[in-house]
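Here's a quick tour for anyone meeting this structure for the first time. Take a look at it, then read on.

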Amino acid sequence: MNNGNNSKILNALGIDPGIIIIILLILIIILFVIVFSMLMHFKRFDKKYKMFMRGKDGVSLEKTFLRSFHELDKLIESNNNHREEIKNIKETLSKTLTKRAIVKYDAFKEVGGKLSFALAMLDGSNSGYVMNVIHSREGCYTYIKEILNGESFIALGEEEKEALRMALEEEII
């Protein structure tokens, strides 16, 4: 009698019971494919997880982490050493004569070729010297004047002033 009631309900809805069975079979097949696919993904994930936990060469994960932490400590120590070395290099560089400029000129009309020159050499605090080399027919004369904080306490010639100005404008790398 139940079959008759079910048929009456399905008939009232206008649905053939065979179509419902076919739809349900298709849904079961689709669900079976999805479950099988998920199972395969899980097996691959489980294999990767076990390999990760075991380590590439059979070393335990804990040992791998400890080794990584030890290497990280070495890198931090090395980084601190490099910072100290860079600080020392910068300190040395600030005392090195890195700013320089040269102005070539003819000291005397009868001597051409711009053989005379003024050379300025300064450190990071703009201290150093200006050297003036004058060539004449009788010989070569060299004069040097100390520069402190960008200034000379001895009067500078035009070429020396120009060389000093150019050196002061130069930036340290």
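A nonpolar patch sits on the surface, made of Leu39, Phe42, Phe45, Tyr49, Phe52, Met53, Phe65, Leu66, Phe69, Leu72, Leu75 and Ile76, with about 1300 Å² of accessible area together. Patch members have over 30% relative accessible area and no salt bridge, and nonpolar side chains are joined within 5 Å. A salt bridge here would be a Lys or Arg side-chain nitrogen within 4 Å of an Asp or Glu carboxyl oxygen. Areas come from the Shrake-Rupley method with a 1.4 Å probe. Helix 2 (17–54) and helix 3 (61–94) each bring at least two residues to the patch.

This is a predicted model, where local features need pLDDT of at least 70, side-chain atom pairs count only at pLDDT 80 or more, and totals use all residues. Numbering starts from 1 along each chain, and side-chain values use heavy atoms, without hydrogens or water.

| Residue | Relative accessible area | Class |
|---|---|---|
| Met53 | 34% | partly exposed |
| Phe65 | 42% | partly exposed |
| Phe69 | 51% | exposed |

The structure holds 1 aromatic pair: Phe65 and Phe69 are stacked, 6.4 Å centre to centre with 25° between the planes. Ring centres must lie within 6.5 Å to pair, and planes under 30 degrees apart count as stacked. Because they are 4 residues apart in helix 3, about one helical turn separates Phe65 from Phe69.

Methods:
Patch = residues over 30% accessible without salt bridge, like charges linked within 9 Å, V, L, I, M, F, W, Y side chains within 5 Å. Buried < 20%, exposed > 50% of the residue type's maximum accessible area, 1.4 Å probe, protein only. Phe/Tyr/Trp six-rings, centres within 6.5 Å; stacked < 30°, edge-to-face > 60°.
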